[in-house]
Amino acid sequence: MITEKMAKAVSAQINLEFESAYLYLALAAEAEALGFPGAGGWLRIQAQEELTHAMKFLTYMHDRNAKPEFPPVKCACSEVRTLLDLYQMVLAHEIMITTAIGKLADVAAAEHEYTLTPILNWFLTEQIQEESDAMKIVDKLKLAGNSGDALLFLDRELGLRPAPAAAPQSAAADQAATN
């Protein structure tokens, strides 16, 4: 069992992961409306990945016999005019998520919830990659400028992103599957 403070902090992170998925679905629709189906596909995959992240935290809560809270999911998606605007929003969002996971690590340390450490280390490593990927796309879009050919090439490249692996299950479900 984990402390109430820890359960609230993990629940807040679960909510942020769901908000991330919702944001990326909204941005996928924006990208597709701008005529960039590859970027839309990339963002749809990103949304799936965020749902997987939420499931990791949800699994942790279940395995620690804690009940998560599910406040309403918000979407802070403003109108985008260009693909560069869109991916700058993605980068800013990923930086915010990295900060949130760092704060969750602070709560885990203060609450002596060391069982969360391996999961948080995985997430922090994942966030380095998330920020790096978004930054590389922003850099490429800046280089492309208004070149239609370059933007179409980048859109095609974004559309080649592979889909993520299946979401994790709880330890109980894993054990039941092996028996």
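Tutor: We will go through the overall fold, the core, one tryptophan and a pocket.

Tutor: This is a predicted model, in which local features need pLDDT of at least 70 and side-chain atom pairs count only at pLDDT 80 or more, while totals for chains, interfaces and linings use all residues. Residues are numbered from 1 along each chain as its sequence is written, and side-chain values use heavy atoms, with hydrogens and water left out.

Student: How many helices and strands does the protein chain have?

Tutor: Helices (H or I, at least four residues) and strands (E, at least two) are DSSP runs, numbered from the N terminus. Here the protein chain has 6 helices and 0 strands, and its C-alpha trace spans about 55 × 40 × 30 Å along the principal axes.

Student: Which residues touch the most other members of the largest nonpolar core?

Tutor: A nonpolar core is a set of buried Ala, Val, Leu, Ile, Met, Phe, Trp, Tyr and Cys residues joined through side-chain atoms within 4.5 Å; buried means under 20% relative accessible area, exposed over 50%, and partly exposed in between, with a 1.4 Å probe and protein chains only. In this model the largest core has 26 residues, of which Leu27, Leu43, Leu86, Tyr87 and Val90 touch the most other members. At least two residues of this core come from each of α1 (4–33), α2 (37–63), α3 (83–110), α4 (117–144) and α5 (148–158). Another core, of 21 residues, lies apart from it and includes Phe57 and Ile97.

Student: Is tryptophan 122 buried, partly exposed or exposed?

Tutor: Tryptophan 122, which sits in helix α4, is partly exposed because its relative accessible area is 35%. A contact means heavy atoms within 4.5 Å, and, leaving aside neighbours within four places in sequence, tryptophan 122 is in contact with His53 and Lys56.

Student: Which residues line the largest pocket?

Tutor: On a 1 Å grid over the protein atoms alone, a pocket is an open set of points where a 1.4 Å probe fits, with protein on both sides within 12 Å along at least five of seven lines, and lining residues have an atom within 4 Å of a point. The largest pocket here is lined by Trp42, Asp133, Lys136, Ile137, Lys140, Leu154, Glu157, Leu158 and Arg161. Helix α4 gives the most to this lining, with 4 residues.
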